[in-house]
Amino acid sequence: MNAQLGAPSDARSLFAPEHAALMATLRSLAAADWGKETVPGWTVRDLAAHILGDFYGRLARDRDGHQNGPGFAPGETLGAFIHRINQEWVDAHRRVSPVALTDTLDMIGGQVTRLFEAAAPGSPSLGVSWAGVDPAPMWLDSAREFTEFWTHRQQIRHAIGQDTDPDPRFLSMVLDTFMRALPHTLRQVTAPVGTQIQVRIKGPAGGSWTVTAIGDHWSLAEPDAGRPAALVGLDAETAWRLCTRGIQPDTALARARIDGDYELAEATCRIVSIVY
């Protein structure tokens, strides 16, 4: 186990209810809802097609051992590569009707759910770039994938005028997973050994995460008792939107309760838990 990531989590039991929630949302949409914008340049239909691409990609890699697929262009970064192949997939599926897309998502999503339910949490898996680990343990890779499915469902909900799903079963896992980015976020911040920064998120899905300076890196391993040099208090909505860049760090800072070293708090609010 990579100790700096903190204690492992287990998202396996949440994939089935999350998938059921997605399908309930999609099947409730009016015809006009499919054309509403979810993220810049993508409609609800586009985002649903993107989720289907994620489903197929996961099955191809982890279940079927299928290695064929698009490769990096010369000089292309990971972020640029991901954005390009995502757009190519969405463009290719514009001819697929919402009904057909929903039915296919239901079928393939069920297979993905079963794949994750059977996964061995400690086995090596895909890297998680925003946590700075490659390969990552399956527990983190699967939790990361869960956060992506959940985030995309919220984007669809917001596009049709619904609020974020507050169900703490899901949101607590999302927030805990996103906080695993803290050591990587602070990797260029120098502080005396033992310096602690604590992030506290309010609400039933919230919690407390303490990251500690250990030599040349930061760690989420269980800290010694002590007073943090900086404390960052956030509400859950601000926290998840910050980590997915639904809002920018300066907006999060303006909403946060900051105690202690402001520069450390400011560095902490640069956290991002997606490929961005």
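Me: Which residues are linked in a network of salt bridges?

Reply: The general idea first: side chains of opposite charge can pair when their charged atoms come close. A salt bridge here is a side-chain nitrogen of Lys or Arg within 4 Å of a carboxyl oxygen of Asp or Glu. In this structure, Arg58, Asp62, Asp141, Arg144 and Glu145 are joined in such a network.

Me: Before we go on, what should I know about the model and its numbering?

Reply: This is a predicted model, where local features need pLDDT of at least 70, side-chain atom pairs count only at pLDDT 80 or more, and totals for chains, interfaces and linings use all residues. Residues are numbered from 1 along each chain as its sequence is written, and side-chain values use heavy atoms, with hydrogens and water left out.

Me: How many salt bridges does the structure hold?

Reply: There are 21 salt bridges.

Me: Which residue forms a salt bridge with Glu76, and is Glu76 buried or exposed?

Reply: Buried means under 20% relative accessible area, exposed over 50%, and partly exposed in between (1.4 Å probe, protein chains only). Arg84 pairs with Glu76, their closest N and O atoms being 2.8 Å apart. Glu76 is buried because its relative accessibility is 17%, while Arg84, at 27%, is partly exposed.

Me: Where do Glu88 and Arg84 lie?

Reply: Both sit in helix 3 (residues 78-92), four residues apart, about one turn of the helix; helices are DSSP runs of H or I, at least four residues, numbered from the N terminus. Glu88 forms a salt bridge with Arg84, with 3.1 Å between the closest N and O atoms.

Terms used:
Helices (H or I, at least four residues) and strands (E, at least two) are DSSP runs, numbered from the N terminus.
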